[in-house]
Amino acid sequence: MPPARATSSARALEAILPLIASGQPYEAHQKARTFASRYNKSKQYDTAIDVLFQSARELLKAGQQGSGTDLTTFLLDVYESKGETVNDESRGRLTQLIALAGPSGSWRKTIIDKAIAWSAKVGPHPAGDPDLHHYVGELLYKEGNFAVAEPHLLAAGKRDSARVLAEMFVEWTNPDGPVGPFALRGTIPYLQNGNILAARTFINHFVSQLTTRRSSLLSPHQPSPIPVGKPTEGEQDEIVFTTDSTLNFAQLAVRACQRAQGDKNKTMREAWVRLCGTYQSKGGLVANREVRKALSEIAELYFAIPPPRGQQANPLGDMISAMFGGAPPTAAPARRVLAPAPPTSTPGLD
């Protein structure tokens with residue numbers, strides 16, 4: 001005997017889907033809302049979800065973006081009523097509908113914004129579900145919408161997201177244009193979120209892809225990569241020195257944070273101070289006021305170095321949070337300091 005949800009939704013869908021096929025999308029949309037409202041009020045949430053998902057999917061396939069988006073937002077309302085968790089099934093429905101909404105107009109953005117907000121509310125990730133962010137970021141990147149893809153790939157924080165972000169930034173740079181700004185746009189937000197793995201994955205992939213395309217970036221004084229530390233998992237960590245000062249700084253900053261132990265390792269704390277001081281004294285992007293603020297927060301987070309008085313705690317973090325519906329802080333947040341990493345035998349960077 002079929003489950004009750006399948007039987008109930010089948011009856012409703014038999015009344016809705018033929019209307020879409022026969023060119024009556026408005027009537028189909030109204031019936032879908034009526035059935036779903038009835039099921040939602042009687043707490044038959046799974047049946048309401050099935051009706052809304054299948055109806056929205058077919059409407060979007062038929063080019064009815066407005067009606068399909070409306071039913072998708074209703075679907076998310078039912079998710080909230082049910083207390084639906086973020087899982088492969090609940091996320092999978094949304095990624096299908098996001099893809100079908102298409103890039104034109106603001107329909108897709110409406111779905112994405114509400115889906116991210118729902119995942120942030122019910123899941124453990126304040127910026128939203130990483131897998132959902134990754135899907136959206138990669139989709140937008142493949143469509144050439146780099147600026148909108150960027151915050152999603154940063155918020156995802158996954159290794160694959162960091163690789164995609166690096167590839168996108170390499171495509172985004174002009175053939176002979178500056179690369180330093182892109183290096184910092186990838187490394188700093190990941191480091192601010194305490195995500196060294198993503199920061200390292202990003203900068204390694206970015207430098208590798210970039211120097212392959214533009215061999216002129218390799219430093220004539222040190223054209224070969226410099227091994228750093230001991231190989232891990234069969235891979236040797238390397239620094240590639242280039243003719244771009246900011247690109248070099250980004251690589252060194254990630255390695256310094258990787259070896260940080262809060263206030264337990266005086267050598268690494270001093271190495272960080274020297275690293276920032278050396279590159280900031282040269283002027284350029286690393287000496288920029290906003291970059292200095294971000295580096296001060298990173299210094300506190302990884303090396304337990306207090307920021308200058310009166311400095312905003314996390315400017316880029318607040319920006320990313322605001323993009324996805326998070327409220328700005330109303331008071332000075334508590335100090336953020338990562339737990340010290342296990343001691344390493346690797347010499348400090350200086």
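This is a predicted model: local features need pLDDT of at least 70, side-chain atom pairs count only at pLDDT 80 or more; totals for chains, interfaces and linings use all residues.
A residue counts as buried here when its relative accessible area is under 20%. The chain contains 15 helices and two strands.

**Overall fold**

- Among contacts in the chain with a separation of 6 or more, 63% join residues 24 or more positions apart.
- The chain has an accessible surface of about 17,000 Å², and carbon and sulfur atoms contribute 53% of that area.

**Helix H12 (residues 245-258)**

- Twelve of the 14 residues of H12 are buried, so the helix is mostly covered.
- The buried residues are Thr246, Leu247, Asn248, Phe249, Ala250, Gln251, Leu252, Ala253, Val254, Arg255, Ala256 and Cys257.
- The cover over these buried residues includes helices H10 (180-192), H11 (196-213), H13 (266-280) and H14 (289-303), together with strand E2 (238-239).
- At 1.5 Å a residue, the 14 residues of H12 should span 20 Å, and this agrees with the 20 Å between the end C-alpha atoms.
- At the start of H12, the backbone nitrogen of Thr246 has a side-chain oxygen of Asp244 within 3.1 Å.

**Aromatic pairs**

- The structure holds eleven aromatic pairs.
- One of them joins Phe169 and Trp172, whose ring centres are 6.0 Å apart; the pair is tilted because the planes meet at 45°, which falls between the limits of 30 degrees for stacked and 60 for edge-to-face.
- Both residues belong to helix H9 (residues 159-172), where they are three residues apart, about one turn of the helix.
- Residues three or four places apart in an α-helix point the same way because there are 3.6 residues a turn.
- Phe169 is buried, with a relative accessible area of 0%, whereas Trp172 is partly exposed at 27%.
- Trp272 and Phe303 form a stacked pair, with 5.1 Å centre to centre and 25° between the planes.
- That pair links distant parts of the chain, since Trp272 lies in helix H13 and Phe303 in helix H14, 31 residues apart.
- Trp272 and Phe303 are both buried.

**Aromatic cluster and charges over rings**

- One aromatic cluster is formed by Tyr141, Phe146, Phe169, Trp172, Phe182, Phe202 and Phe206.
- Arg185 lies over the face of Trp172, 4.9 Å from the ring centre.
- The charged end of Lys282 is placed over the ring of Tyr279, at 4.4 Å from its centre.

Note on methods: Residues are numbered from 1 along each chain as its sequence is written. Side-chain values use heavy atoms; hydrogens and water are left out. Helices (H or I, at least four residues) and strands (E, at least two) are DSSP runs, numbered from the N terminus. Contact means heavy atoms within 4.5 Å. Accessible areas come from the Shrake-Rupley method with a 1.4 Å probe; for residues, only the protein chains shown count as cover. The expected span of a helix is 1.5 Å times one less than its number of residues. Buried means under 20% relative accessible area, exposed over 50%, partly exposed in between (1.4 Å probe, protein chains only). A polar contact is a pair of N or O atoms within 3.5 Å; within protein, one must be able to donate a hydrogen and the other to accept it, and residues adjacent in sequence count only if both atoms are side-chain atoms. Rings of Phe, Tyr and Trp (its six-membered ring) pair if their centres lie within 6.5 Å; planes under 30 degrees apart count as stacked, over 60 as edge-to-face and the rest as tilted. A charge sits over a ring if NZ of Lys or CZ of Arg is within 6 Å of the ring centre and within 35 degrees of the ring normal.
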